[in-house]
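Please keep the sequence and the 3D view open while you read.

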Amino acid sequence: MELSKTFDPKIAERWYERWVELGYFTADPARPGPVFSIVIPPPNVTGQLHLGHALNVTLQDVIVRMRRMQGYNTLWVPGTDHAGIATQNVVERELSREGTNRHQLGREAFERRVWQWRETYGGRILHQLRRLGASCDWTRERFTLDEGLSRAVIEVFVRLHRQGLIYRERTLINWCPRCETALSDLEVSHKEVDGELYYIRYPLEDGSGAITVATTRPETMLGDTAVAVNPADARYKELAGKSLRLPLVGRVIPIITDPSVDSAFGTGAVKITPAHDFNDFAIGKAHGLEEIATMDGRGRMTAAAGSYAGLDRNECRNAVLHDLEVQELLEKTEPHRHALAVCSRCDTVLEPMLSTQWFVRIKPLADKAIAAVRDGRTTFHPKFWENTYFNWMENVHDWCISRQLWWGHRIPAYHCGECGNTMVAAHRPAACDRCESVHLRQEEDVLDTWFSSGLWPFSTLGWPDDTADLRTYYPTSLLVTGFDIIFFWVARMMMLGLEFTGQVPFRDVYITPLVRDQFGKKMTKSRGNVVDPLEIMESYGTDAVRFTLAQLAVQGRDLILSNDRLAAARAFANKIWNAARFVMLNLEGAPQPTAPVPINQLGLAERWILSRLRNAIREIGAAIDAYEFNVAAARLYHFIWHEFCDWYIELSKEPLRRGGRDQHAARFVLVHCFDQLLRLLHPFMPFISEELWQALRPYIDEPGLSPHLAVARFPKAADADPLSEAERIAMAHCLEATEAINSLRALVGVHPGQRVPALLKPMIAPDQRDEFVRGFETWKAYASVMAKADIALTFDEAAASRQGKVPSTITWGEVLIEPPAAFDVEKTRASLRKKLNELRGHLDKHQARLGNAEFLQKASADTRAEMEERTLELTSQVGLLEKQLSQLGGAA
């Protein structure tokens, strides 16, 4: 198979559909071998691929592909989430453009419309994941509203209700007037705003005076049922127990005392509106106060608001303030910065709302989930995320699971129209179990999307049925997800998995870093710095994008993505392609397959690269096992670019040229190393590795060789190192001497094709010189070819005179070469000094910032880390220039 001169990622990416067609990603519970299973965090059916998805899926695919190649019975379940609020909003916007709405359509017609939308657009993100190379088992694709998962949801709800862990209650909840639904605490975002604090006088009923309260929400005063003061506040001792007349409304309300009142806030007297404030609701319950709801689900004032009925809440605020001013009851207004609760979906300001909702009693479930992490049944990576998990789980509130939507799992509860009885059942009852009436109405509300998502690891495997998939693949091996849904999803999967299977849903949880732009800033639409993964895949190739994300995925540290890193990964792909062209060119006329050569018949260079390969296999496998994807990618990069391409390809040229046994040995090692490095590369860069492996495959001598790399055996490190310690030291000397000579050649301007005399002066003890000479003789020829140098060795001080020569110090001695006659020492020194001064200036600025306490306090951890990295880089560059100046006999 002849390779083109350049690598075209689009051609290589054709392999994906072939892998799928051949069933390589399809799991079989009857297949032998250890099990590795993982479920994809189901993206919203409304979603499009973003960099967070790309990172998450890339890291999952790296470990899934490696485990598959290692012979594991591997299952990766894909699927999407029905995304209740998000999907309903999308379809409602479509209806609005058509001049209608869901209420005009009716519930059944609206649900059909959403299903039609899902059929048309819902698979978009899964197609994008295929483009990324995700090796999921597409025959097991699931959807949180499919028939099997819906049955699991109903079963869980019914069982939890039977156990007393689901209950229905009228209470105060977070309400979004835009989405017209209740929200759980986790769906509430908080943002700091510059608002106002309004001081309002409430007249005493007996006309003897007034009490002033401070509030940020004057429109809610229409629902006040008391004013509260702290019993320890001496200012109000005489007023406690008296009555007030509520301004604008005229309702008589009491002045009560409650220790929860903060005397330092405002005037120390606070209005109590039990139907529209969480703290007030608790105080109202404690004091038996009336709960008066003055707003409806759309944020409009109800009849209970009197003359303000029909106004929206913002209009009402303005009207209330105007009327208070007219009646001279608005004492003053002050600027006030405070936290505002908003909907995490649409950013609408939320209303605490009295409503009848369904809740899960969380604490009994949370206790088991806490214990499972504490005793190590589930481990977080990085481990510090366990503290975040514990902090939330140990302070968790009951979970409001009902949503006033039409798209989702409808709650399996039935209300009797005769006696008001409520029944929970998996199937619609024939009649009321209390009065036997047949007039039953199913609950209108649907379940929170996270309720069904919380069952994902076991419901996707067939639960509640006892399936082969469930027995084989549960608990799953690993969950890869973002830190932002530890509470929303991870914790709930832990609780529900333990409750219904008795086992944790996953052994390990890997928390991915946040992807930031090249300046360390979070990617947001408002900043205009959002990067579309599909666009960069088009520009750089999918393999390059995947490799970049893996390279940058440092545990516990945000990922800084830049075009430079993407370009470097593309260059890496090109380097591999060119190496393949070299290998294939030198295999022309070679037998297929290329027969193995015994280790004792291989040269030093061949045994050296096999030793480096052995180390790479061990280190890369261990790093992926530890979820240190960046470490694995860096080691792979170093082995391929530096050890194989930069060194061994050069070392192989001479034996390849000589022919005969040496040529055969070099060919065998080239084939073996390139085969193994492509197998190591495949989890990270599946497309280029498969394309090149197909070209190499005829030369690979392996019994039962797989037809495709995607299912070939992952490399195993050889038991024994093919290199002795003395040989390892000899090759280290060879590479160091070669690098030093080539560095000196570049420094003094030796023409690339010109050979140069080089003198090595080892600085070692006399009793070690014979051993050194024996080692030198084994590698002299390699260094002579790679450095284009006639190398001599001396221990004689006089012969090693520095006069007219340029030296370079190495760890075991010194290397000297004579510069060309045209070399201008002074001009080179001047150029080096100029560069050195520029770099020192940059270095001084970086060091000054790192020494600035104010900068360190304000800068993010990632900004500091980036600054530290750049400082180390500048320090290295300065050191190199100082060394070069020293070599030329100039002061640095």
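Helix α4 (residues 84–97) packs against helix α6 (residues 107–121) at an angle of about 105°, and their axes lie 10 Å apart. Axes here are lines fitted to C-alpha atoms, for helices over the stretch in contact, and angles run from 0 to 180 degrees between N-to-C directions. That makes α4 roughly perpendicular to α6 (angles under 35 degrees count as roughly parallel, over 145 as roughly antiparallel, 65 to 115 as roughly perpendicular and the rest as oblique). On the α4 side, Thr87, Gln88, Val90, Val91, Glu92, Glu94 and Leu95 make the contact, and on the α6 side Phe110, Arg113, Val114, Trp117 and Tyr121 do. Contact means heavy atoms within 4.5 Å. By class, the contact of α4 with α6 has seven nonpolar, two polar and three charged residues. Ala, Val, Leu, Ile, Met, Phe, Trp, Tyr, Cys and Pro count as nonpolar, Asp, Glu, Lys and Arg as charged, and the others, Gly among them, as polar.

A word on the source: this is a predicted model, in which local features need pLDDT of at least 70, side-chain atom pairs count only at pLDDT 80 or more, and totals for chains, interfaces and linings use all residues. Residues are numbered from 1 along each chain as its sequence is written, and side-chain values use heavy atoms, with hydrogens and water left out.

Another helix pair is formed by α20 (residues 604–625) and α22 (residues 660–681), which pack at an angle of about 10° with their axes 10 Å apart. α20 and α22 are therefore roughly parallel to each other. Their crossing is left-handed, a term used if the near helix is turned anticlockwise from the far one by less than a right angle (right-handed if clockwise). From α20, Glu606, Ile609, Leu610, Leu613, Ile617 and Ile620 meet Ala665, Ala666, Val669, His672, Cys673, Gln676 and Leu680 of α22. The residues of this contact divide into 10 nonpolar, two polar and one charged.

Now for the chain as a whole. Its secondary structure comes to 28 helices and 29 strands; helices (H or I, at least four residues) and strands (E, at least two) are DSSP runs, numbered from the N terminus. The C-alpha atoms fill a box of roughly 115 × 65 × 50 Å, taken along the principal axes. Buried residues make up 55% of the 892 residues, where buried means under 20% relative accessible area, exposed over 50% and partly exposed in between (1.4 Å probe, protein chains only). Among contacts between residues at least 6 apart in sequence, 76% join residues at least 24 apart.

Next come the sheets. An open sheet of four strands runs in the order β10-β11-β9-β12, with mixed pairing. Its edge strands, β10 (243–245) and β12 (269–272), each pair on one side only, and the twist averages 30° from one strand to the next. Two strands pair if DSSP finds at least two bridges between them. Both faces of β9 are covered: Ala226 and Ala228 on one side and Val227 and Val229 on the other are all buried.

Three strands form an open sheet in the order β8-β7-β13, with antiparallel pairing. Here β8 (210–215) and β13 (330–343) are the edge strands, each pairing on one side only. Neighbouring strands of this sheet are turned by 20° against each other on average, direction ignored. Val188 stands opposite Cys343 in β13.

| Strand pair | Sense | Bridges |
|---|---|---|
| β9 (residues 226–229) and β11 (residues 252–257) | parallel | three bridges |
| β9 and β12 | antiparallel | four bridges |
| β7 (residues 188–203) and β13 | antiparallel | 13 bridges |

Which residues of α18 are buried? They are Thr542, Asp543, Ala544, Val545, Arg546, Phe547, Thr548, Leu549, Ala550, Gln551 and Leu552. Because 11 of the 11 residues of helix α18 (residues 542–552) are buried, α18 is largely enclosed by the rest of the structure.

Finally, look at Trp138, in the loop between α7 (124–132) and β4 (142–143). Trp138 is buried, with a relative accessible area of 13%. Not counting residues up to four places away in sequence, Trp138 touches Tyr16, Val20, Pro78, Leu126 and Arg130. The C-alpha atoms of Trp138 and Gln104, 34 residues apart along the chain, are separated by 38 Å.
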